[in-house]
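Visitor: Could we take a close look at one part of this protein? I'd like to see how it sits among its surroundings.

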Amino acid sequence: MKFNRLTKIVLTLGMISLFGSSMTVLADTVKVNASNLNFRKQASMSAEVICTLPRGTVLERSENLGEWSKVTIDGGSGFVASRYLQTVQSISGQQIPQKEELLTNTSYASVSCVVEMKPEYLYAGNSKINSGSAILYQSNSQDRKEKTVCVNAGHGTKGGSSVKTLCHPDGSPKVTSGTTAAGATTAVAVSSGMTFNDGTAESTVTLKMAKMLRDKLLAAGYDVLMIRETDDVQLDNIARTVLANNLADCHLALHWDSTTSDKGCFYMSVPRNDSYRSMEPVKSNWESHHRLGDSLIEGLRAGGSKIFSSGAMEMDLTQTSYSTIPSVDIELGDKASAHTTEALEKLADGLMLGIEIYFSK
Ligand SMILES: [Zn+2]
């Protein structure tokens, strides 16, 4: 969800006067006591849902209308059903609500929303695993970029390798061989990923990397769509891509390759294949995928990370076959690469540099 700056400033000023020492108005601090509470534009069951709020989210209630409550989260106001709210405390002039209480998983976001697949999203019907939800974070930085980066921790969908989905939206066959051979029209919905030489699962490392990148992005003023924050999210590669298409400005899927040579970083570029490059949505987006991929490699290189070959390898992926926003699968090394916190920090800094390069172009 996106709030414009002016609204935010006006509402912030409103909050200051509300909590001013001369005021006697009481505002409630309430907590969400439901698993996913709908945050709506109006006080009505038929009103548009802005986002859903996870259990435990702390809100300021400015008006209790009985069945509905008007609540504010970091300057954005909307309505939630009162019966799912629990009063935390009453606050008066002396007590300002603790900003930290609004946070869920990171200290760099002011709002986090649970987001789910909607059947009306383009290509949603091609997804087979989509009961899970992603999390959309709004940066609390003073310098908001008004850009949302989708951070997709590769793999991590239980049962994902026993379900197959169409490689291409139009059902045409894959043009290169990877996990799935060229010529196939379906591929596993989400593969389980490789195992590092030291026995660590790729999905564990991609998740650690994703959280690190999330915090750096939020701190720098980017909003972040996190596809996965636990070991298992029931979202296949198509669902992940469709969510990114609709809620983000670019999409980075984080992976490590299955070779054992510690070959360095590269991104999966769009194959030089006429039929593939003339198929939508690849046709309209492959050049922007390359601009994003090239920027990330430039950032990683500048950050001192090892780069494999030219930094790109042609691959027909489900992700890029369905992407309508700039989107890349970035491979940050392979089975032999170090994945200590220090190693991941260096990669995350390189990716951040790459994202800044991409958006400054
Ligand atoms: Zn992978």
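Which residues are buried in helix 3?

Guide: Happy to walk you through it. This is a predicted model, in which local features need pLDDT of at least 70 and side-chain atom pairs count only at pLDDT 80 or more, while totals for chains, interfaces and linings use all residues. Residues are numbered from 1 along each chain as its sequence is written, and side-chain values use heavy atoms, leaving out hydrogens and water.

In helix 3, the buried residues are Ile-238, Ala-239, Arg-240, Thr-241, Val-242, Leu-243, Ala-244 and Asn-245. Buried means under 20% relative accessible area, exposed over 50%, and partly exposed in between, with a 1.4 Å probe and protein chains only. Helix 3 spans residues 237-247, and eight of its 11 residues are buried, leaving the helix mostly covered. Helices (H or I, at least four residues) and strands (E, at least two) are DSSP runs numbered from the N terminus.

The cover over those buried residues includes strands 9 (134-139), 10, 11, 13 (223-226) and 14, along with helix 6 (318-322); contact here means heavy atoms within 4.5 Å.

Some of these strands lead on to the zinc ion. Its protein donors, 2.1 Å away, are His-155 (NE2), Glu-202 (OE) and His-255 (ND1). Donors are N, O and S atoms within 2.8 Å of the metal (3.2 Å for Na, K and Ca), and water is not among the atoms, so sites may look incomplete. Along the chain, the donors are spaced H-x46-E-x52-H. Because His-155 lies in the loop between strand 10 (148-153) and strand 11 (164-166), and His-255 in strand 14 (residues 250-255), the pair ties together parts 100 residues apart in sequence. Both His-155 and His-255 are buried.
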